Amino acid sequence: MMTAFGSSVRTSNTCNSLLKQLQQIWIEIGESEAERERMLLEIEQECLEIYRRKVDEAANAKARLHQSIAAKEAEIAMLLATLGEINVNSRVNSDKTAKSLKGQLASVTPLVDDLNLKKEERMKQFADIKSQIEKINGEISGYGNIVSSVNALNLEGQDLSLRKLIEYQSNLRALQKEKSERVQKVLDYVNEVHALSSVLSVDFGKTVSDIHPSLHGSSMEHVTNISDSTLEGLDQAILRLKSEKKFRFQKLKDTVGSLFELWNLMDVQKEEKLSFLRITSVVSSSESEIVQQGALSLNVIEKVSAEVERLTKLKASRMKELVVKKRSELEDICSKTHIQPDTNTADDNTNAMIDSGLVDPCELLASVEAQIYKAKDEALSRKEIMDKIDRWLSACDEEKWLEDYNHDENRYSAGRGAHINLKRAERARITVNKIPAMVDSLISKTLAWEEEKRKLFLYDGVRLVSILEDYKRARHHKEGEKKRARDQKKLQDMLLTEKESMYGSKPSPRRSNSFRKPNGYGSYGNGSVTPSPRRNSVGCSTPELLTPRSYSGRQNGYFKEMRRLSTAPLNFVAIPKEDTISFSSVYGSEPESPPQS
């Protein structure tokens with residue numbers, strides 16, 4: 001301030017000195033007083049204009065400084081808002097109160113530069129992140145080669161705050177994770193397509209190239225196309241290949257099944273089957289387990305189909321032999337289950353029809369196979385009743401053995417094996433007592449079967465219920481005969497007792513029969529004696545019990561080789577007229593008690 005005052009004093013002294021020199025010059029020149037006043041006034045005016053101009057210039061400079069400072073402050077505010085900074089306003093306000101305008105401007109300018117530099121760096125970060133986001137979005141949407149650089153770099157006026165940057169980074173990480181998952185999914189799909197193509201022998205390169213060319217490359221780790229359309233295309237390709245695999249597997253399975261049937265039918269040698277060993281092993285596994293290369297190729301299926309066609313043609317030439325073989329199988333099934341087979345397909349008829357050309361051998365073979373299937377199905381439905389029949393027939397055999405055993409006069413002898421026969425007799429009596437219940441159960445079961453199947457249950461051509469009813473009537477008649485025999489025996493014993501009391505005891509003529517050789521017995525290796533079947537005596541008044549074996553022996557069936565279950569007649573010995581007492585020894589149904597020691 002003092003320097004400015006001293007400079008003003010010196011300027012004033014200089015001006016006064018110059019004014020005195022100017023007035024002295026004017027006096028020497030002879031200027032008038034008025035002229036001198038006028039000239040002095042002009043000088044004052046000029047000085048005033050100069051001062052005024054300088055003041056205006058200074059005011060303008062001040063205004064410009066204020067404008068510059070305001071512009072910088074506005075720029076700072078905009079940058080702070082854009083960058084999201086909140087801790088710089090305090091620095092600006094403190095510099096504004098403590099410094100001059102030029103000082104304020106000088107202090108604000110570096111801050112603006114720093115903020116602009118920070119903005120540029122932030123914009124680069126945003127541009128980089130947005131370009132990555134746009135690129136990944138383009139790959140996901142299927143337009144990976146078209147990335148809008150304008151949208152990626154047009155960041156002016158946008159929010160460049162750190163919060164927004166973190167949000168973009170989070171979005172980028174989410175997209176990168178989705179991209180990674182999609183890449184892995186694409187790789188899994190491509191690997192599955194490759195595995196299916198290998199099994200089916202389908203061109204893998206063409207399959208994936210039709211979906212997108214980038215999928216068929218040397219490095220599948222750098223897959224770039226991960227769009228929804230690509231994933232959908234791969235998924236559709238997998239479904240199509242799986243459907244084709246399922247179709248081919250079923251076709252191969254059916255063809256191999258026909259091949260097996262022809263092998264069994266034609267008795268193909270093992271050496272001929274070796275070339276198809278790998279194919280048959282494929283069919284034995286499930287569809288999902290088939291991973292061998294070319295296992296379901298068209299060549300494999302065509303190979304099996306060609307073999308089936310060859311064997312089918314060969315089968316036609318050997319059809320007569322095959323029909324006879326199948327007919328024999330049918331007869332064996334019918335024989336085991338006591339079913340009458342269809343006589344239209346008998347050997348004589350079939351040979352005559354094939355030779356005459358009246359029927360197609362293939363149709364005849366199919367008819368026999370259908371009969372076999374039907375016979376097996378009926379045998380399965382008859383199994384429970386057939387088991388009951390077997391148990392009933394076994395009980396009848398035991399009953400017959402027991403009757404033969406009861407007629408043996410030496411059954412209580414002390415020979416070897418006698419105790420074994422005694423035990424068997426006890427078991428046989430228990431079994432025989434169950435026969436009526438067996439028959440009733442078998443009749444009810446058979447009637448239920450007939451009602452369910454709506455047809456008669458035939459046993460070797462005869463209705464089983466009729467056989468059982470006949471058996472029941474015969475058994476009832478036999479029981480009546482036994483009862484009458486017991487009553488007659490009691491009566492004869494009473495007459496014999498009275499006779500002995502009146503005339504004394506006489507030797508009975510039947511005692512000579514006790515020394516007869518036992519009928520129908522043979523010895524086993526262990527010494528046990530077992531009765532063998534005996535014939536009916538002529539004139540026997542007791543009828544034989546009619547079992548299915550009796551019926552099957554009487555039937556004049558078509559199949560002579562069918563097993564006939566013939567049951568020997570009951571062991572009733574003819575009663576001599578002169579010896580009525582021996583009748584009781586034959587018809588006695590109650591087994592004698594063993595001698596008590």
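R163 counts as exposed, because its relative accessibility is 55%. E167 has 40%, so this residue counts as partly exposed. The model behind these values is predicted. In it, the side chains of R163 and E167 meet in a salt bridge, with N to O at 3.8 Å. Both residues lie in helix α6, which covers residues 162-200. They sit four residues apart, about one turn of the helix.

**Salt bridges**

The count of salt bridges comes to 36. A second one also involves helix α6. Here R182 pairs with D228, and their closest N and O atoms are 2.6 Å apart. This pair links distant parts of the chain: R182 belongs to helix α6, D228 to helix α8 (residues 228-266), and 46 residues separate them. Is R182 buried or exposed? R182 counts as buried, because its relative accessibility is 12% and the cut-off for buried is under 20%.

Another pair lies in helix α11, residues 298-317. The side chains of K313 and E309 form a salt bridge there, 3.8 Å from N to O. How far apart are K313 and E309 in helical turns? About one turn separates them, because they are four residues apart in the helix. K313 has 58% relative accessibility and therefore counts as exposed. E309, at 47%, counts as partly exposed.

| Salt bridge | N to O distance |
|---|---|
| R163 and E167 | 3.8 Å |
| R182 and D228 | 2.6 Å |
| K313 and E309 | 3.8 Å |

Salt bridges can also join up. E35, R38 and E42 are linked in a network of them.

**A kinked helix**

Helix α14 spans residues 361-406 and has 46 residues. What distance separates its end C-alpha atoms? They are only 59 Å apart. A straight helix would reach 68 Å at 1.5 Å a residue, so α14 falls short of that span. The helix also has a kink of about 55 degrees. This kink is centred on K383.

**A nonpolar patch**

Which residues make the nonpolar surface patch of about 310 Å²? L491, M494 and L495 make it. M494 is found in helix α17, residues 464-503. M494 counts as exposed, because its relative accessibility is 52% and exposed means over 50%.

Notes. Residues are numbered from 1 along each chain as its sequence is written. This is a predicted model: local features need pLDDT of at least 70, side-chain atom pairs count only at pLDDT 80 or more; totals for chains, interfaces and linings use all residues. Side-chain values use heavy atoms; hydrogens and water are left out. Patches are made of residues with over 30% relative accessible area and no salt bridge: like charges are joined within 9 Å, nonpolar side chains (Val, Leu, Ile, Met, Phe, Trp, Tyr) within 5 Å. Accessible areas come from the Shrake-Rupley method with a 1.4 Å probe; for residues, only the protein chains shown count as cover. A salt bridge is a side-chain nitrogen of Lys or Arg within 4 Å of a carboxyl oxygen of Asp or Glu. Helices (H or I, at least four residues) and strands (E, at least two) are DSSP runs, numbered from the N terminus. Buried means under 20% relative accessible area, exposed over 50%, partly exposed in between (1.4 Å probe, protein chains only). The bend at a residue is the angle between axes fitted to the seven residues ending there and the seven starting there.
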